Amino acid sequence: MVRYAESDYHVDPSRIYITGLSAGGAMADDMLADYPDVFAGGAIDSGLPADCATSLVSALSCEDSNQDLTPAQWGSLAEGADPGWHGPWPRVAIWQGTADTTVNPVNATEEMDQWTDVWGIGQTPSSTQSLAGGTTENVYDDAGGNPAVEMYTISGMSHGLAVNPGSAAGQCGTTGTYYLDYICSSYYTAAFWGLNNQSSPSPSPSPTATSPSPSPSPTSTTPACYTASNYEQTAAGRAYQSLGYTYADGSNQNMGLWNVYTVTSLEETSPGYYVIVSSCPS
């Protein structure tokens, strides 16, 4: 389905995300582990760790109680779902209410253990802050200092997805069964994935009388150009990989094998559109 959307609707393969609530959260987690090459990120809302459940009985056990696995054991379950894959890994947002009696809140900790281990980072947050709706955000950065895993714990929330009805920035949703008024989880997840990169417009200043300024002289600009290995180009979001080959974002030009040994120069001719060039200007 994802490949069809990419080819027929020109969806950017480097911006594919998956999210789910409850059993859907558990399935989203499994999809991230099974297809880490497909998804740039995922959000697990009141769900279960990847590959925790292999039957109805084990699913109930996962829902209800601590499975007493180490982060390394949780990480091995996720990595074992696609043993030929060694990164880059999806960026994972975890949402959980502390008063959830359907999915034991320990699952959020187990999900954090799992994905921080997959990323090869520790289980101590790089930063912590308090957000609206009694929400605590813990951020776990990768080796480059970029958020890789984020866990949002909502004090007093039962089983469901957090929304915050309203039209202001940072608000969203309508309350209902399993849609609970605390915080707009979708807003913070989208920000985590980098999907809110449009800045808010600044208020217009009051008009004042000024003398006309002379027109500036035209200047020439050189398109941005990047030379790096195919692996680094995908990690930087300038390319994507499919079936072991690398393709430039926008132009979809084949850059060759997806590895750290094949080096390609990409020129950004328009925002998010890259073409292969013989070399970048020095």
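The model is a predicted one.

Strand β13 spans residues 263-270 and is joined to β9 by six bridges, the two strands running antiparallel. Within this pairing, Y226 has L266 of β13 as its bridge partner.

A hairpin is formed by strands β10 and β11. Strand β10 comprises residues 239-242, while strand β11 comprises residues 245-248. The two run antiparallel and are joined by four bridges. S242 finds its bridge partner in Y245 of β11. Two residues lie between the strands of the hairpin, and L243 takes a positive phi near 55 degrees. In a regular strand, side chains alternate between the two faces of the sheet. In β10, A239 and Q241 point one way, whereas Y240 and S242 point the other way. Is this set of four residues in β10 buried or exposed? A239, Y240, Q241 and S242 are all buried.

Attention now turns to a charged residue. E150 is located in strand β6, which runs over residues 147-154. Although E150 is buried, it has no salt bridge. The nearest side chain of opposite charge belongs to R91 and is 5.8 Å away, whereas a salt bridge requires the charged atoms to be within 4 Å. Leaving aside residues up to four places away in sequence, E150 touches V92, A93 and I94, together with E137, N138, V139 and F192.

Why does V163 count as buried? The reason is its relative accessibility of 5%, since buried means under 20% relative accessible area. With residues up to four places away in sequence not counted, V163 touches C172, G173, T174 and T175, as well as Y179, L180, D181, Y182, I183 and C184. As for its position relative to D12, V163 is 151 residues apart from that residue in sequence, and the two are 27 Å apart in space, C-alpha to C-alpha.

Terms used: Residues are numbered from 1 along each chain as its sequence is written. This is a predicted model: local features need pLDDT of at least 70, side-chain atom pairs count only at pLDDT 80 or more; totals for chains, interfaces and linings use all residues. Side-chain values use heavy atoms; hydrogens and water are left out. Buried means under 20% relative accessible area, exposed over 50%, partly exposed in between (1.4 Å probe, protein chains only). Two strands pair if DSSP finds at least two bridges between them. Lys and Arg count as positive and Asp and Glu as negative; His and the chain ends are not counted. Contact means heavy atoms within 4.5 Å.
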